[in-house]
Amino acid sequence: MIKIGILGAGGRMGQAIIAEVQAAPDCWLAGGVERPGHPMCGTVIGDGLIMGANAAPVAHKADVLIDFTTPDALTEHLRAAMDSKTAILVGTTGLSARHHAEIDEAARHVPVLQAANTSLGITLLAALVEQAARALDPGWDIEIAELHHRHKVDAPSGTALFLGEAAARGRGAPLETLRLPAHETETGPRRAGGIGFATLRGGSAAGDHRVLLAGEGERIELAHLAEGRDIFAKGAVRAARWLSGKPAGRYRMAQLFGL
Ligand code: NAD
């Protein structure tokens with residue numbers, strides 16, 4: 001049995017992952033963590049409790065931690081994983097360069113899989129976007145549009161940036177050098193070879209991503225539409241199973257899906 005600890009257990013993703021772990025015959029809930037004062041603190045899950053703030057006790061009981069919380073909580077969650085030598089899946093988005101440096105450091109001590117999107121569909125879409133961007137010359141403009149529910153706090157979504165990184169890899173340059181500012185803040189002709197982003201927020205959409213490759217006289221669209229959070233939860237539990245027992249290192253969803 002793989003013992004899984006859920007960080008952000010009362011959240012939308014936390015709840016979806018708990019349901020997925022409960023349905024998996026080879027996984028067990030070791031407990032969860034929420035911010036102090038959250039109404040779900042004290043709730044029993046598996047053979048543990050949802051505890052307020054401190055991730056250390058859950059980390060010591062778990063084989064793998066699954067973190068879908070906020071970037072502010074990441075430092076403490078990585079520390080808990082390192083102190084207990086527990087693998088950790090980081091699904092939280094809105095991470096900065098500092099957070100990525102902390103993940104690299106943690107990955108020297110424990111297995112860490114960081115994924116802005118844990119679905120099979122987006123992992124495959126990123127591979128297709130990279131291939132398309134490599135095949136097409138910079139005369140083709142790349143724009144990435146995303147739609148999410150009204151509660152989402154970061155923009156553009158971590159998945160849109162992840163797809164942007166895939167497109168930039170295809171173009172052979174880091175995204176930082178190719179990313180265009182929002183078109184409404186910088187008017188005038190579009191910079192050749194740049195990658196643009198557009199964000200929509202509303203309703204209960206779990207996450208739509210469209211990558212437009214626009215050339216002279218023709219356009220290609222590659223899209224992924226998430227119909228529910230269960231695809232992310234299924235991918236997260238699959239990733240936790242895969243990560244358990246791996247040596248220390250930083251891993252990607254593409255490795256898990258063999259892409
Ligand atoms: P949410 O707000 O519903 O859930 C986050 C939960 O974390 C909340 O219950 C909050 O109280 C809790 N939390 C905050 N600080 C905490 C702390 N220090 N310790 C423990 N718990 C804490 O949000 P959500 O929709 O579940 O999304 C969570 C994160 O996952 C976001 O960054 C979102 O963008 C990301 N996300 C990633 C994927 C993916 O596939 N990787 C998919 C969906 C969402």
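Is K85 buried or exposed? K85 counts as exposed, because its relative accessibility is 61%; buried means under 20% relative accessible area, exposed over 50%, and partly exposed in between, with a 1.4 Å probe and protein chains only. This is a predicted model, in which local features need pLDDT of at least 70 and side-chain atom pairs count only at pLDDT 80 or more, while totals for chains, interfaces and linings use all residues. Residues are numbered from 1 along each chain as its sequence is written, and side-chain values use heavy atoms, with hydrogens and water left out. Helices (H or I, at least four residues) and strands (E, at least two) are DSSP runs, numbered from the N terminus.

**Helix packing**

Two packed helices are described by the angle between their axes and the distance between the axes. Axes are lines fitted to C-alpha atoms, for helices over the stretch in contact, and angles run from 0 to 180 degrees between N-to-C directions. Angles under 35 degrees count as roughly parallel, over 145 as roughly antiparallel, 65 to 115 as roughly perpendicular and the rest as oblique. A crossing is left-handed if the near helix is turned anticlockwise from the far one by less than a right angle, and right-handed if clockwise. Contact means heavy atoms within 4.5 Å. For residue classes, Ala, Val, Leu, Ile, Met, Phe, Trp, Tyr, Cys and Pro count as nonpolar, Asp, Glu, Lys and Arg as charged, and the others, Gly among them, as polar.

*α1 and α8*

- Helix α1 (residues 12-23) packs against helix α8 (residues 230-243) at an angle of about 60°, and their axes are 9 Å apart.
- This angle makes α1 oblique to α8, and the crossing of the two helices is right-handed.
- On α1 the contact involves M13, A16, I17, E20 and V21, and on α8 it involves D230, F232, A233, K234, A236 and V237.
- The contact of α1 with α8 comprises 8 nonpolar and 3 charged residues, with no polar ones.

*α3 and α4*

- The axis of α3 comes within 10 Å of that of helix α4 (residues 97-106), and the two cross at roughly 0°.
- α3 is therefore roughly parallel to α4.
- L74, T75, L78 and M82 of α3 meet R98, H99, E102, I103 and A106 of α4.
- Sorted by class, the contact of α3 with α4 has 5 nonpolar, 2 polar and 2 charged residues.

*α5 and α6*

- Helix α5 (residues 120-135) and α6 have axes that come within 7 Å and cross at roughly 30°, in a right-handed crossing.
- The α5 side of the contact consists of I122, L125, A126, V129, E130, A133 and R134, while the α6 side consists of T159, F162, L163, A166, A167, R169, G170 and R171.
- The contact of α5 with α6 contains 9 nonpolar, 2 polar and 4 charged residues.

**Backbone geometry in loops**

- K85, in the loop between α3 (74-84) and β6 (87-90), has a phi near 60°, a positive value in a residue other than glycine.
- A53 also has a positive phi, about 70°, although it is not a glycine.
- A53 belongs to the loop between β4 (48-52) and α2 (56-61) and counts as partly exposed because its relative accessibility is 30%.
- A155 and P156 are joined by a cis peptide bond with an omega of about -10°.
- P156 sits in the loop between β8 (141-148) and α6 (158-171).

- M1 lies in the segment before β1 (2-7) and counts as exposed at 64% relative accessibility.
- Leaving aside residues up to four places away in sequence, M1 touches P25, D26, C27, W28 and D63.
- I4 is placed in strand β1 and is buried, with a relative accessible area of 0%.
- With residues up to four places away in sequence again not counted, I4 touches V21, C27, W28, L29, A30, G31, A62, V64, I66 and A240.
- I4 and A30 are 26 residues apart along the chain, and their C-alpha atoms are separated by 5.3 Å.

**Cysteines**

- The structure holds 0 disulfides, a disulfide being a pair of cysteine sulfur atoms within 2.5 Å.
- C27 counts as buried at 3% relative accessibility, whereas C41 is partly exposed at 27%.
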